[in-house]
Amino acid sequence: ILADEYGQAISIYGRDCSVQRRHQKIIEEGPPIAAPPEIWEQMEKGAVRLAKAVNYCGAGTVEYLFNDGYYFLELNPRLQVEHPVTEQISGVNLPAGQLNVAMGIPLNRIPDIRKLYGREPFDLEDTEIDFDNEKQIPPNGHVIACRITAENPEAGFKPTSGAIKELTFRSTPNVWGYFSVQSFGGLHEFADSQFGHLFAWDKEREDSRKNMVLALKELSIRGDISTPVEYLIYLLETNGFKTNNIHTGWLDEIINSKSNELLDIKFNHQIDTMHAVICGAAYKGFQDFKSKKNQYLSYLQRGQIPPPDLLVTSGKVEVIYQNIKYRLYFLRDGPNSFKICTKPFKQIDSLYDDDAEINMEEEEEEESTIEVEEIEEDINESSKNAKYIRVNLTELSDEGMLLVFNSKSHLIYGKEDPNGLILTIGGKSCMFEKEYDPSNLRVATAGKLVRYLVENNSKIEAGTEYVEIEVMKMILALKCPETGKINFEKTDGAVLKPGDILATLELDDPSSIRKPEIFTEELPIMKLPRPIGNKLHQVVRRIDAELTAILDGYYTTLYTIADLSNILLSKIEEPELSLLEFNECLSILAGRLPTSIDEAISKVLDKYSKALQTHDTEIHGSQVSFPTEMINQIIKRHRKSLGTLEEKKNFDTVCEPLAELIETYSKGKSYSTITNFFKKYLENELLFQNKQRSDVILSLRQEHKNDLDNVWDILYSKNPNSQKHNFIVFLLNKIAEFDLIEKYVPYLHELAALSHKDNVEVSVV
């Protein structure tokens with residue numbers, strides 16, 4: 001209502017606020033459609049009579065209960081936070097109307113009120129309006145408003161508090177929102193739980209509902225608090241809300257009964273169970289690796305020698321999701337790559353035997369029993385027997401992670417909670433519970449302990465309220481989950497932090513405590529994170545990356561080093577490889593490489609391709625030689641024709657990938673590949689020769705004091721489980737087997753001169 005000091009008062013439509021929990025509004029909409037038009041008109045006239053009877057002046061809100069009839073509740077002498085609902089459907093700026101009335105302007109001269117009654121807003125002659133008898137224009141469409149609060153709907157809408165790391169929302173013509181905090185702000189435990197409001201408008205109620213659902217899905221709030229954003233989506237999707245079959249007890253009934261309809265809607269919105277489990281396991285596994293790395297770097301920052309057992313390559317993790325416990329094994333086989341499995345990986349079974357000693361330093365070479373075709377197939381497809389799931393993980397600057405597995409990407413954010421781990425996966429929340437332990441009664445939110453409701457050291461039945469706490473201006477009573485003897489751990493008035501133990505419980509029957517079901521099946525078959533391709537050069541690149549990762553200290557268990565090395569050495573000898581790599585390089589440089597160069601090199605490659613197709617090795621003997629020098633001369637001639645030094649520098653930059661390929665094939669692909677492995681191995685190993693490990697670490701710390709990650713990378717390659725020495729030994733044996741020793745003499749001399757105990761196997765070969 002809006003009333004002036006001259007005795008005029010009007011009702012400006014109305015709102016339906018039936019969706020409530022604990023008598024606090026959650027969703028509000030207007031205009032109301034529950035009451036028939038004739039009843040609604042009576043309610044409006046009653047509100048106006050009330051305002052006039054008490055000589056009310058200003059804006060206010062009259063509240064009714066409606067059933068078969070309507071019943072007056074109260075008159076709030078103020079605007080409510082949902083007033084934009086009324087403003088949108090009426091066109092009346094209510095705060096401006098308040099100011100106009102306070103300035104002494106009568107209602108009939110306020111422009112927005114005149115428009116509401118179909119009058120010209122600034123007509124100086126037509127000033128009188130019979131508010132008691134004249135009709136207002138029909139409401140403009142329908143608006144739905146949702147309160148955004150720091151409450152956890154999964155815990156009965158208990159308030160939460162803490163930092164907000166990200167709050168992202170973009171208003172549109174049909175949806176707008178207001179927030180009292182920003183990204184990197186926060187809510188303390190003494191504040192009101194509401195910190196935002198969304199409004200969605202459209203011509204029809206159903207379209208307005210759809211707009212709100214879309215807006216809630218696009219709203220991103222990340223931090224220590226919980227919000228009902230997802231829960232609001234589920235509520236808006238129920239048949240009860242769609243058909244407006246709601247009442248003031250509707251939401252409380254849903255909460256108390258755990259509505260099957262709501263559960264079905266939540267299930268349809270949830271991420272696939274196994275995808276959620278893999279995300280949860282990958283998150284926890286990565287956090288474990290990250291924690292150990294941070295511990296290692298912390299030692300370095302203090303000038304101390306870190307223990308080598310922090311340089312882990314594997315681990316195991318347990319996650320409980322939807323009351324099922326998953327025990328998963330991890331292997332870090334690259335800087336951003338994991339393999340996850342339900343059983344110990346091949347070659348490292350002892351690592352996961354609780355009674356066995358970890359020992360992966362030695363790996364006996366076995367005769368290769370895996371066919372080349374099988375390796376290629378597994379490189380490009382998922383494992384036939386679903387032995388593992390490969391996950392690529394990238395840590396983001398905003399504390400999020402991008403996980404890629406099964407050819408799909410998942411943006412995830414994690415938050416530790418007293419009850420477990422909350423993961424937001426692609427905007428959808430998943431709760432990974434902690435092992436249920438009713439012996440410690442914890443508080444989930446910050447607040448203040450008001451009083452205990454039972455005697456200390458007394459027996460208490462399950463479901464009994466045992467304590468009251470104050471959280472965000474609300475008094476909440478907490479119930480004991482099990483039967484037992486309670487012992488207080490806090491005193492009345494104590495300030496509480498999330499996770500604090502309020503009391504301990506000596507259980508009457510510990511054996512009755514529910515335990516999660518153990519997952520005993522195999523993981524489902526999933527694709528690789530990204531398609532690799534089965535062309536020759538793609539297979540070679542993938543295996544080369546696997547072996548390079550071994551030199552960086554990462555562990556591979558899919559195949560033995562011999563299997564990977566044999567397939568690589570055989571494939572890099574195939575004549576088609578050079579053609580494929582040069583064609584790929586030209587495709588990448590298309591548009592940047594001068595057209596004349598592109599065409600000239602393409603002609604050379606086409607000629608080579610035709611020669612390969614027509615060449616018969618039984619008749620002509622050896623393979624067709626790749627025209628590396630011809631391509632090199634094409635590039636050199638063009639460079640020579642360029643006039644300025646700047647043009648030549650730019651040309652060199654563009655042609656750098658081609659120049660690298662030319663150098664590789666000029667020396668021979670096999671030679672270049674093997675010597676690159678030797679160089680990478682020697683790069684780190686030479687640092688440790690004739691020196692104590694501790695001295696090398698301190699020296700590296702001083703050299704890279706501004707970027708200790710470099711020290712980590714060097715030392716990680718020498719972790720206790722590193723296979724790189726075995727890999728180099730295998731390459732040396734291959735060189736001897738094919739009588740190629742003279743070709744690699746400079747590198748063999750360097751390898752033989754290694755004197756550190758870690759290099760004994762290499763140096764004696």
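**View 1. Helix 22 is mostly covered, with 11 of its 14 residues buried.** The model shown is predicted. Helix 22 runs over residues 724-737.

**View 2. The length of helix 22 agrees with expectation.** At 1.5 Å a residue, its 14 residues should span 20 Å. The end C-alpha atoms are 20 Å apart, so the two values agree. Just after the helix comes Asp 739, with a positive phi of about 55 degrees.

**View 3. Glu 29 and Arg 205 form a salt bridge.** The closest N and O atoms of this pair are 2.7 Å apart. Glu 29 sits in strand 4 (residues 24-30) and Arg 205 in helix 5 (residues 205-218), so the bridge ties together parts that are 176 residues apart in sequence. Both Glu 29 and Arg 205 are buried. A search of the whole structure finds 42 salt bridges.

**View 4. Glu 546 and Arg 390 form a salt bridge.** Here the closest N and O atoms are 3.0 Å apart. Glu 546 belongs to helix 12 and Arg 390 to strand 19 (residues 389-395), so this pair ties together parts that are 156 residues apart in sequence. Glu 546 counts as buried because its relative accessibility is 8%, and the cut-off is under 20%. Arg 390 is buried as well, with a relative accessible area of 10%. Salt bridges link Glu 546 and Arg 390 into a network with Asp 333, Lys 339 and Arg 542.

**View 5. Glu 574 and Lys 571 meet through their side chains in a salt bridge.** The N to O distance is 3.5 Å. Glu 574 is partly exposed, at 30% relative accessible area. Lys 571 is buried, at 14%. Side chains of opposite charge can pair when their charged atoms come close.

**View 6. Leu 65, Tyr 71 and Leu 73 make a nonpolar surface patch.** The patch covers about 300 Å². One of its members, Leu 73, lies in strand 7 (residues 70-76). Leu 73 has a relative accessible area of 46%, so this residue is partly exposed.

Key:
Residues are numbered from 1 along each chain as its sequence is written. This is a predicted model: local features need pLDDT of at least 70, side-chain atom pairs count only at pLDDT 80 or more; totals for chains, interfaces and linings use all residues. Side-chain values use heavy atoms; hydrogens and water are left out. Patches are made of residues with over 30% relative accessible area and no salt bridge: like charges are joined within 9 Å, nonpolar side chains (Val, Leu, Ile, Met, Phe, Trp, Tyr) within 5 Å. Accessible areas come from the Shrake-Rupley method with a 1.4 Å probe; for residues, only the protein chains shown count as cover. A salt bridge is a side-chain nitrogen of Lys or Arg within 4 Å of a carboxyl oxygen of Asp or Glu. Helices (H or I, at least four residues) and strands (E, at least two) are DSSP runs, numbered from the N terminus. Buried means under 20% relative accessible area, exposed over 50%, partly exposed in between (1.4 Å probe, protein chains only). The expected span of a helix is 1.5 Å times one less than its number of residues.
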